[in-house]
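Try each task yourself before you read its solution.

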Amino acid sequence: MTLFENDPRFTPSRDHIIAVSVPVPLRQNFDFLVPDEIRFKPTVGARVKVPFGNRKLIGTIQEIKSSSDFDEKKLKKAISIIDDQSLFEAPLWNTLHWLTRYYLAPIGEVMDSAMPVALRQGINSEPASKQSWVLTDHGRSASMDELNRAPLQLAIIERFMRNSPLTANDFKATASSWRQAIGALTKKGWVKQTTNKPTLPKRDFTPPRELTLTGQQQAAVTSLEVSLAAQKFSCTLLHGVTGSGKTEVYFSAMELVLNAQQQVLLLVPEIGLTPQLIDRVEKRFNHAVVVMHSALNDNERHAAWWHASQGSARIVIGTRSAVFSSFKNLGLIIIDEEHDASFKQQDGIRYQARDVAIYRAKQHNVPIILGSATPSLETYLNAKNGRFTLLSLSERATKVNLPKIQLIDLNVQPTNDGLSPAMLEAIKETLTRGKQVILFLNRRGYAPVLYCKDCKQAAKCHRCDSYLTLHRRANRLRCHHCGFEGQIQSNCGHCKSTEMVDVGEGTQRVEDALLLRFPQATVLRIDRDSTRRKGELAHVLEKARSGEADILIGTQLITKGHDFPDVGMVGILEADQGLYSTDFRASESLFQQILQVSGRAGRRDDIGHVFIQTRFPDNPFFDKITSHDFNGFADDLLLQRQAAQFPPYGFFALLRCESVHQSKSLQFLRKAKQDMMPREGVWIMDAIPAPMERRAGKYRTQLLLCSNQRSALNNTLAEWLYFTATNSEAKKQANAVRWSLDIDPQDHF
Ligand code: ADP
Ligand code: ZN
Ligand code: ZN
């Protein structure tokens, strides 16, 4: 007999089968019988524990039904139903199902990615209540003389006088007998135990000084007010040059939504790089904020998820995966630096968080704002053809003009350790003015190649098709692709010659050169090597901001939205690699990087200067850069993309494969191409080795599919996936290699 036999909404004799998604890489649900003894009536979206092979898995109920396509006598019983209601609100549920179809992803894995780890393990959706103790009225008025001979109890009572309630955590540093002391005080009736629902900490809040918005900011806010008042879906590109005060525009929009008792989701590229933004949000709004990022532990993540889903967290700030948070009353989504590559997940389910967020905003019927100084071409095109509303901020908020960008021709100015005489002169001049210098070089380590003068061979990674990078600080050779690390050999591995030279510059070599040339200056290197340990990045950025450092040399970590106060110049040491790359997106991201890092210069009073070292000063690319002409650049690029039917005009999907056997990897993709039945308008290229074929000992290959119709591409792949899952020969081949499907791939490596 089930507990819900009399519940009219659930008739066990009829609806006795549940279709369940489980976290396995299979694109299907599995049917189970509802167990006899259940605590909760089955509900779509609730978690359920099921037997799967010889394991027990936590899955999600996808459907409740009265019959199965399988022999019912062979169906297994689910073990238990964990939740009494769905963990996913309806708009989120719809978004996850859209994502599953659009990215052709395994449903159980999609569901899992939308849950904090704690929930994937099956624990209660409400975080455990915290045990704590409070001082009673009796305890408050009691005479402390009684405790003269119990110093620990006295000390504890004194703590309660200052602070109540206290939790076990608060006594971590106290003598281990504190539990006994509390027990004695409880007996006396001076303190008592309570359990608290999880709460968000209170912050000290002082209302901020109000800024007067600039005319352009005000115009943008007025337009957003209209969208927000309409209380329906709209997508706005806030295209504002660096320093134009986009954040203030976000804040004005957020204020309206928060005043209407709704929640805001703010997606950012990388939490470590945006401590200022979080700080600014917390200073501006007297509302509970939760921040979701990779450094949270499982409990913290669970708590953050809970507060968002209950509506107690009014502002949710997070990276890519925060797009899957559950909300009670979402009113607005904002994506800051929407062009940033980190919004695309590069493994597992390869979703683009920006696209997911737009779909989700539609489901909630709320506005979404995409902000950037250098929008992605996809977004730019949508704004251009009117699918998105375009709001432009063409002037800086602080009345300082955009920096002056100049080129240094490396054909007449040879470099030493990556620095040309003109660049050195500019650095010197900037330091004399007491301003900060930022140098951008997107290559960490000391030298990218260790080369033998005699046999002309370079030290290579034995697991990858790549050279080893020389790291002087650690005195090691490292592979930046697989993590291999080895000793620096003084002899050539091929001919045993001792004539080994390090060629090219990484950030470490430039740092050394700067220390030598500018002994008085404080040089700070910002790259993954100098910020590897926890907290180091925040520390280094703080040092940069405080003005303690005179020269910052760094990789793309320094190009992101930092607001360093006193940068007089920015030097770009190497721009040419992106100009002639085989990756069709390289010039787009180079343009974005240069304008972003240039935007760090001259944000307060004096105009900033930017110097770019290049061997190709006549490349038209640089005309657009020096005139800050993002639109002109983007329009040109769109014409090229349109002619080639590349994204955002054509749509790509990439089937990637890897195997320790070179032939197997290619064979699988060749067979895949044979098995595919392309719909009209779908082109399937030939299977080819990846640009870097061998990586971490595996041979990597790829098969590119293109179409100017998303649905044709999607159908072709869906059919192939079905065939591969059901045809025994195809299945065998697919299981012999590792493969993955990437819809709208961001890179082709
Ligand atoms: P963006 O994100 O567009 O690059 P920010 O929002 O970081 O720009 O703003 C750049 C700087 O301009 C910040 O220091 C900010 O405090 C300042 N600012 C923004 N709006 C105004 C305004 N209306 N008046 C004065 N200063 C402003
Ligand atoms: Zn040699
Ligand atoms: Zn390697």
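**Exercise 1.** At roughly what angle do the axes of helix H7 and helix H8 cross, and within what distance do they come?

*Solution.* Keep in mind that you are working with a predicted model.
- Start by finding the two helices: H7 covers residues 215–230 and H8 covers residues 246–259.
- Their axes come within 9 Å and cross at roughly 30°.
- Angles under 35 degrees count as roughly parallel, so H7 is roughly parallel to H8.
- As for handedness, the crossing of H7 and H8 is right-handed.

**Exercise 2.** Describe how helix H1 and helix H11 pass each other.

*Solution.* 
- H1 spans residues 90–102, and H11 spans residues 353–364.
- The axes of H1 and H11 come within 9 Å, crossing at roughly 140°.
- Roughly antiparallel would need an angle over 145 degrees, so H1 and H11 are described as oblique to each other.
- H1 passes H11 in a right-handed crossing.
- On the H1 side, the contact is made by Pro 91, Leu 92, Asn 94, Thr 95, Trp 98, Leu 99 and Arg 101. On the H11 side, the residues are Asp 355, Val 356, Tyr 359, Arg 360, Gln 363 and His 364.
- The contact of H1 with H11 divides into six nonpolar, four polar and three charged residues.

**Exercise 3.** Work out whether helix H19 runs roughly parallel or roughly antiparallel to helix H21.

*Solution.* 
- Locate H19 at residues 662–675 and H21 at residues 728–735.
- The two pack at an angle of about 150°, and their axes are 10 Å apart.
- That angle makes H19 roughly antiparallel to H21.
- The crossing of H19 past H21 is left-handed.
- Gln 667, Phe 668, Lys 671 and Asp 675 of H19 make the contact with Glu 729, Ala 730, Gln 733 and Ala 734 of H21.
- By class, the contact of H19 with H21 holds three nonpolar, two polar and three charged residues.

**Exercise 4.** Which protein donors surround the zinc ion (ligand 2), and how are they spaced in sequence?

*Solution.* 
- The donors are the SG atoms of Cys 452, Cys 455, Cys 492 and Cys 495, at 2.2 to 2.4 Å from the zinc ion (ligand 2).
- The arrangement is tetrahedral because the angles among the four donor atoms are 104 to 113°.
- Along the chain, the donor residues of this zinc ion (ligand 2) are spaced C-x2-C-x36-C-x2-C.
- Cys 452 lies in strand E18 (residues 449–452) and Cys 492 in the loop between strand E21 (485–487) and strand E22 (500–503), so this pair ties together parts 40 residues apart in sequence.

**Exercise 5.** Describe the site of the zinc ion (ligand 3).

*Solution.* 
- Its protein donors are the SG atoms of Cys 461, Cys 464, Cys 479 and Cys 482, lying 2.2 to 2.3 Å from the zinc ion (ligand 3).
- Angles of 106 to 113° among the four donor atoms give a tetrahedral site.
- The donors of the zinc ion (ligand 3) follow the spacing C-x2-C-x14-C-x2-C.

**Exercise 6.** Find a residue with positive phi and a cis peptide bond.

*Solution.* 
- Most residues other than glycine have a negative phi, and most peptide bonds are trans.
- Lys 496 has a positive phi, near 65°, and its place is in the loop between E21 and E22.
- The peptide bond from Pro 647 to Pro 648 is cis, with omega near 10°.
- Pro 648 sits in the loop between helix H18 (630–644) and strand E27 (651–659).

Definitions and conventions
Residues numbered from 1 in each chain as written. Chains lettered and ligands numbered in written order. Predicted model: local features only at pLDDT ≥ 70, side-chain atom pairs only at ≥ 80, totals over all residues. Heavy atoms only, no water. Axes fitted to C-alpha atoms, helices over the stretch in contact; angles between N-to-C directions. Helix = DSSP H or I, 4+ residues; strand = E, 2+ residues; numbered from the N terminus. Parallel < 35°, antiparallel > 145°, perpendicular 65-115°, else oblique. Left-handed = near helix turned anticlockwise from the far one by under 90°. Contact = heavy atoms within 4.5 Å. Nonpolar A, V, L, I, M, F, W, Y, C, P; charged D, E, K, R; others polar. Donors = N, O, S within 2.8 Å, 3.2 Å for Na, K, Ca; no water. Tetrahedral: all angles 85-135°; square planar, octahedral: opposite > 155°, others 65-115°.
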